[in-house]
Amino acid sequence: MKSVVWWSIGLLFGLGLVALGLFGSGEPSAKVLCGSEEMRPGQTCDRTQYGQTTSETYEEKRQDSIDTANTFKNGGRWVTFGIGAGIGALCGWRLTVAIRRRAGQGSGPVVQAVPAQQPGFAPPPGYAPQGFQQQQGFAQQQPGFPPPQGYRQPPPPGYQQPRGPYQQ
């Protein structure tokens with residue numbers, strides 16, 4: 001069950017990347033944000049990360065947004081689409097395999113109900129009727145049929161065992 005869930009999540013992730021690659025705008029956003037606040041020209045954005053403070057101006061952040069959009073337009077969207085398609089195809093295939101395995105789990109060979117006797121058909125001579133099982137150790141010799149495996153027949157009259165090179 002876990003594999004079905006995880007492969008489903010992977011499939012959705014791959015499809016999300018495909019959608020982003022196909023329908024992502026690739027346009028720089030009209031708003032330049034510092035955290036969650038909109039910036040105006042001439043403002044600076046101070047950010048502290050791992051104890052170090054960095055400062056970026058409105059123009060720097062706007063140019064970064066334009067560069068990111070251009071990268072996505074020029075080829076990043078196709079890379080995103082390709083990676084998403086690969087992940088989606090792999091996860092879809094593995095999901096199909098997991099579902100088929102899960103469906104086949106616990107069910108052995110198919111047993112078909114056979115009617116006990118069909119009118120007009122009798123079992124061949126020497127065979128027990130359907131549904132009859134012989135008990136272990138009580139194999140019966142039936143006329144006209146070869147003996148069961150493991151039974152040794154006596155040699156025919158006048159037969160002599162071959163002698164090896166060291167027997168006299």
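## Chatting through a predicted helix-and-strand model

Me: Where does Val5 lie?

Reply: Val5 is in helix α1, which covers residues 2-23. Helices here are DSSP runs of H or I with at least four residues, strands are runs of E with at least two, and both are numbered from the N terminus. This is a predicted model, so local features need pLDDT of at least 70 and side-chain atom pairs count only at pLDDT 80 or more, while totals for chains, interfaces and linings use all residues. Residues are numbered from 1 along each chain as its sequence is written, and side-chain values use heavy atoms, with hydrogens and water left out.

Me: Thanks! Is Val5 buried, exposed or partly exposed, and why?

Reply: Val5 counts as partly exposed because its relative accessibility is 40%. Buried means under 20% relative accessible area, exposed means over 50%, and partly exposed is in between, with a 1.4 Å probe and protein chains only.

Me: How far is Val5 from Leu95 in sequence and in space?

Reply: They are 90 residues apart in sequence, and the C-alpha to C-alpha distance is 8.5 Å.

Me: What about Val4, buried or exposed?

Reply: Val4, also found in helix α1, is buried, with a relative accessible area of 17%. Leaving out residues up to four places away in sequence, Val4 touches Leu95, Ala98 and Ile99; a contact means heavy atoms within 4.5 Å. Val4 and Arg102 are 98 residues apart in sequence, yet 8.7 Å apart in space, C-alpha to C-alpha.

Me: Zooming out, what is the pattern along the protein chain?

Reply: Read along the sequence, the pattern is α-β-β-β-β-α, with two helices and four strands.

Me: How much of the protein chain is buried?

Reply: Buried residues are 14% of the 168 residues. The chain exposes about 14400 Å², and carbon and sulfur atoms supply 58% of that.

Me: Switching to aromatics, how many pairs are there?

Reply: There is one aromatic pair. The ring centres of Trp78 and Phe81 are 6.1 Å apart and their planes are at 80°, so the pair is edge-to-face. Rings of Phe, Tyr and Trp (its six-membered ring) pair if their centres lie within 6.5 Å, and planes under 30 degrees apart count as stacked, over 60 as edge-to-face and the rest as tilted.

Me: Where do Trp78 and Phe81 sit in helix α2?

Reply: They are three residues apart in α2 (residues 58-104), so about one helical turn separates them. Trp78 is exposed at 54% relative accessible area, while Phe81 is partly exposed at 28%.

Me: Last one: what does Thr80 touch?

Reply: Not counting residues up to four places away in sequence, Thr80 touches Leu17, Leu20, Gly21 and Phe72. Thr80 is in helix α2 and is buried, with a relative accessible area of 17%.

Methods. Accessible areas come from the Shrake-Rupley method with a 1.4 Å probe; for residues, only the protein chains shown count as cover.
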